[in-house]
Amino acid sequence: MQVIVDKEDRWARVRLIGRFDLTAHLTFRNATRPLLTEAGLEGIEIDFQKVPYIDSTALGLLLLLRELAQQAGKALVLKNCGPELTRVLTASQFHRLFRIE
């Protein structure tokens with residue numbers, strides 16, 4: 001998986017490209033962790049537009065990021081979730097924990 005981070009105003013957009021699974025663990029963590037301590041950032045958007053697959057490891061990474069973002073006082077939004085990803089997130093009750101757009 002490839003991760004591209006863009007910053008605009010007070011938000012960071014993390015664009016994911018490819019399968020979000022166990023093999024993406026370090027790439028995702030290395031891209032998102034520095035954003036949690038960056039001064040001036042109010043929130044992080046995770047853009048799933050180009051993610052064809054997500055597994056349980058990735059769901060766990062999102063839960064951990066949510067917890068760390070809350071501790072850092074930053075908002076977290078999941079964006080551009082396609083039909084398959086939306087099905088997985090809904091089945092996992094993530095719509096109760098995350099803002100999904």
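Which residues in α1 meet which residues in α2? In this predicted model, the α1 side of the contact consists of His25, Phe28, Thr32, Arg33 and Leu36, and these meet Leu61, Leu62, Leu64, Leu65, Leu68, Ala69 and Ala72 in α2. Two packed helices are described by the angle between their axes and the distance between the axes. Here the axes of α1 and α2 come within 11 Å and cross at roughly 10°; since angles under 35 degrees count as roughly parallel, the two helices are therefore roughly parallel to each other.

Both helices can next be placed against the sheet. Its 5 strands follow the order β1-β2-β3-β4-β5 in an open arrangement with mixed pairing, and the edge strands, each pairing on one side only, are β1 (2–8) and β5 (99–100). Between β4, which spans residues 75–79, and β5 the pairing is parallel and extends over 2 bridges, and Val77 stands opposite Arg99 in β5. Helix α1 packs on this sheet by touching β1, β2 and β3, and its direction makes about 20° with that of β1. Helix α2, residues 56–72, lies across β3 and β4 and runs at about 150° to β4.

A pair of aromatic rings is described by the distance of the centres and the angle of the planes. The model has 3 aromatic pairs, and one of them joins Phe20 and Phe48 in a tilted geometry, with 6.3 Å centre to centre and 35° between the planes. This pair links distant parts of the chain, with Phe20 in the loop between β2 (11–17) and α1 (25–36) and Phe48 in strand β3 (residues 43–50), 28 residues apart. Phe20 counts as buried because its relative accessible area is 0%, and Phe48 is likewise buried because its value is 1%, the cut-off for buried being under 20%. Phe94 and Phe98 form a stacked pair, 5.1 Å centre to centre and with 15° between the planes, and Phe94 and Phe98 are both buried.

Phe20 and Phe48 also belong, together with Phe28, to one aromatic cluster. Phe28 is among the α1 residues that meet α2, which brings the account back to the helix contact with which it began. A further ring interaction involves a charged side chain: Arg19 lies over the face of Tyr53, at 3.9 Å from the ring centre.

Terms used: Residues are numbered from 1 along each chain as its sequence is written. This is a predicted model: local features need pLDDT of at least 70, side-chain atom pairs count only at pLDDT 80 or more; totals for chains, interfaces and linings use all residues. Side-chain values use heavy atoms; hydrogens and water are left out. Rings of Phe, Tyr and Trp (its six-membered ring) pair if their centres lie within 6.5 Å; planes under 30 degrees apart count as stacked, over 60 as edge-to-face and the rest as tilted. Helices (H or I, at least four residues) and strands (E, at least two) are DSSP runs, numbered from the N terminus. Buried means under 20% relative accessible area, exposed over 50%, partly exposed in between (1.4 Å probe, protein chains only). A charge sits over a ring if NZ of Lys or CZ of Arg is within 6 Å of the ring centre and within 35 degrees of the ring normal. Two strands pair if DSSP finds at least two bridges between them. Contact means heavy atoms within 4.5 Å. Axes are lines fitted to C-alpha atoms, for helices over the stretch in contact, and angles run from 0 to 180 degrees between N-to-C directions. Angles under 35 degrees count as roughly parallel, over 145 as roughly antiparallel, 65 to 115 as roughly perpendicular and the rest as oblique.
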